[in-house]
Amino acid sequence: MTINGKICKAEEGEMLLAVIRRQGIDIPALCDHGAVEPFGACRLCMVEITKESWDGWKKHVTSCLYPVEEGLIVQTHTDKVIELRKTVLDLQLARCPGSPEIQQLAAEYGITQTSFEETIDSDNCILCGLCTRICEEMGFAAISTIGRGHLKEVGPPLKEPPPDCVGCLACAQNCPTHVIPYEDEGIYRTIWDKKFERIQCSKCGKLGITKDFAEALIKMRGLGEDYFDICDECRRKETALTMGRISQWEREVVE
Amino acid sequence: MRITSPQQLEKLRKECIARLDKFPRKVLICCGPGCLASGAQKIVDEFKKKLKSKRIKNFSVEAMKETGCHGFCEQGPLVVIEPDGTFYTKVKVKDVDEIIDKTIRNEEVIERLLYKDPKTGNKIEKYSDIPFYAKQTRIALRNVGKINQCDIDEYIATGGYKGMAKALTKMKPKDVIEQVKKSGLRGRGGGGFPTGRKWESCAVLEEQPHYVICNGDEGDPGAFMDRVIMEGDPHTVLEGMIIAAYAVGANEGYIYVREEYPLAVINLQKAIEQTTEYGLLGDGILGTDFNFQIKISRGGGAFVCGESSALMKSVAGEVGEPRAKYIRSVQKGLFDKPTVLNNVESYANVPVIIDRGGDWFAKIGTSTSTGTKAFSLVGKVRNSGLIEVPMGTTLREIIYDIGGGLQNDRPFKAVQTGGPSGGCLPADKLDLSVDFDTLTKAGSMMGSGGMIVMDDRTCVVDVAKYFLAFLNNESCGKCVPCREGLYQLHALAVKVSEGRATEDDLELMEKLSENIVLGSLCGLGKSGPNPFLSTVMYFRDEYLEHIRDKKCSAGVCRALITYEIDEELCDGCMACIGVCPHDAITGAKKKLHTIDKSLCDRCGACYAVCQRNAIKIL
């Protein structure tokens, strides 16, 4: 297949976006994440495709979701595609006027002021759904999108502290616009209005993951009950000491 | 009782016909929601009560049928007396006695209850002579209004399950597909994709199992074709689905019905029970080795769940959001398995196609849009209701011949076809043939068959605003162009209707629309800007009038109009004073009334109530 006139190879089953990025071509994609299936919601990764056999007919597809095909001719920056990305960013800027990430991306496409009506009191969430999809992928599905259309939002069931949340922070830390608030205070962590206690390393006293998250991981991965009692760092130190002791013992035996 | 062979089915058919023929005279009472709302149930009860106490030769309560919708809801409750087809409209409880004594007993027609043709003023006696019905050809709706809606025997008596028996015992799956392909049937849900080709591409897939789904999520405001079929003739839907399942090799099927259609769910459920009891559904259908089950899946009524991939997610119990269909749902549909999804009306055509052959069906309609199409004809038209006409009938024939023209003979302005994502066509398009390709070319679409007629008192900006508000509310919110784009497009339409917009705004609306069409994920978004695009294409001047002159000549956009009382015409009847919610009208009996413009909210209540047309819109 060719991308912007350059012939390139791809593995069967790969999506266009991966191949395009491998060519060093920069196209934005806000709802794409290695941990989850492609979603096709932000529409920024749209490209124009055609084939010689299509008789001049072209179509526009989201590259994150379009499986590669032999003989595909891809254009990533046609006027029409750029115009579409500009409109999408313009709309996102109206929705999230206070998001530095969106402001910067929009500015890259020459938009510093939205053409549309700005949302008042915006929460600056772009509704890419990464948080809910990652939460589901983690095995918890504690939060989801609520409602439809422009009023859609992300939240826990009934907007109450979510029973299935373990306070792992996967949602907050993968949010492309960093709008999911959480608070760590002492040994406590609060997210989605739910308060968690964090594990303290029994060796060094450093704070680790929440007790709920540890319990869930032990159950899901079949780890030992005391696996999270010490932190990773102390575990590595312990392992090193143990390994040292074994080597020493071996040497003594040989001698 | 289980029917285990086609011969047994034919025997039963003869018995059913004989049982129905016992009574030469029959009373058909429409029990569609329209007539029920205007009191049909009371009429049914009254008939039952009166027939108990009266003895009439060759007639009993068994000869009374509670049928599905006749389509002429505006004239309800409707009562039809067969075999003459005497057609009574707006029947009241007190009329029942007279109908029994005069028409049923003595074949005497009651003049007062007959339909009056609004064009000629003449009373019309027979069902088939009424222009509303005379120009129709009913295939999908062939039984609706004629048979008891929940009686499998009556369905069998009219030739029901004949097509299925033929398919299962005399045809191979590929022959069934061949006939459907020959018929040229295209999806009636709006897409217009050739049904036979869809079935074929599913049938050849090796991955198992295959599923068959019926889309009964009719979401267009003002459209009710599918509801009427599901309620009034549920067996035709089941028969169509069984034939489809046999053709594509599926053993499991779902009917997706919206929660707002409770009667459809009840009647379909009853039909499934009856069919299962007869052995026409379940294991070993009609004594063959073909098994097929149908389950009803109820949706919450989201418009987007009519979109195939969102519908399948909803059936599977997930949030009804569409996915990109670069891999088609025929290949990867329900539970990621090969799936055939067709609309209610499409399935309703299938039994007839198999019974009478694809060639017979292909002769009806136009060469690229064969067969007939059901429409719900509504809006400012005299005869509103449900109709079915051959493809290729012109808009003029539908609106003026069947619909009887516009109410109060007002000038025609536009007709909106294809539901919210369709478009408005102006008067010079009235002679267009109604078929898939012509409507799309004209900037509208067939859609599922909504048809809203508008007169000169309809403002196109207001219409666009209304449909954009609907689509904005119904957008699932997954992709940005649809979610944010339609929201902003609606906001801009509001700006125009309030006289706050500039010509730059109009340009912005056009550019935004173009990118919503290009960038949206599913059909809802891709067709979302149509209400704006089609109105601005045909009625650009009206948009400019709102923008430049701050005027709405249709007298609809509240921010741009004022009401005034015509001194010559006002006779001081006090009617407007009584209805004004803001006490903005003053005056005494038989004295000229005046509107205080500072208090007036321009709600139009006075305008609607004034008998002398003395309220003027400026």
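**Entry 1: chain A, its two domains**

I began with the contact inside chain A: six residues of domain 1 of chain A touch six residues of domain 2 of chain A. Two residues count as in contact if their C-beta atoms, placed from the backbone, lie within 7 Å. On the domain 1 side I found five nonpolar residues, one polar and no charged. Here Ala, Val, Leu, Ile, Met, Phe, Trp, Tyr, Cys and Pro are nonpolar, Asp, Glu, Lys and Arg are charged, and the others, Gly among them, are polar.

I noted that this is a predicted model, where local features need pLDDT of at least 70, side-chain atom pairs count only at pLDDT 80 or more, and totals for chains, interfaces and linings use all residues. Residues are numbered from 1 along each chain as its sequence is written, while chains are lettered from A and ligands numbered from 1 in the order in which they are written.

Next I looked up the bounds. Domain 1 of chain A covers 2-77 and domain 2 covers 130-235; such bounds come from an automatic or database domain assignment. Their C-alpha centres are 34 Å apart.

**Entry 2: where chain A meets chain B**

I turned to the contact between the chains. Chain A puts in 27 residues and chain B puts in 25 residues. Which elements of chain A give two or more residues to this side? They are strand S4 (59-62) and helix H2 (79-95). Helices (H or I, at least four residues) and strands (E, at least two) are DSSP runs, numbered from the N terminus. H2(A) gives the most, with eight residues. By class, I listed 13 nonpolar, eight polar and six charged residues on the chain A side.

**Entry 3: chain B, domains and a sheet**

I wrote down five domains for chain B: domain 1 (25-82 + 86-125), domain 2 (152-362), domain 3 (372-455), domain 4 (460-549) and domain 5 (562-617). The centres of domain 1 and domain 4 of chain B, taken over C-alpha atoms, are separated by 47 Å.

Then I traced an open sheet of five strands in chain B. Its order is S12-S11-S15-S13-S14, and the pairing is mixed. Two strands pair if DSSP finds at least two bridges between them. Strands S12 (385-390) and S14 (423-426) of chain B are the edges, each pairing on one side only. From one strand to the next, the twist averages 30°.

I checked one pair. S13 (residues 412-417) of chain B runs antiparallel to S14(B), with four bridges joining them. B:Thr417 faces B:Gly423 in S14(B).

Last, I found what packs on the sheet: helix H16 (residues 395-402) of chain B. H16 touches S11 (372-379), S12, S13, S14 and S15 (450-455) of chain B. Its direction makes about 55° with that of S11(B). Axes are lines fitted to C-alpha atoms, for helices over the stretch in contact, and angles run from 0 to 180 degrees between N-to-C directions.
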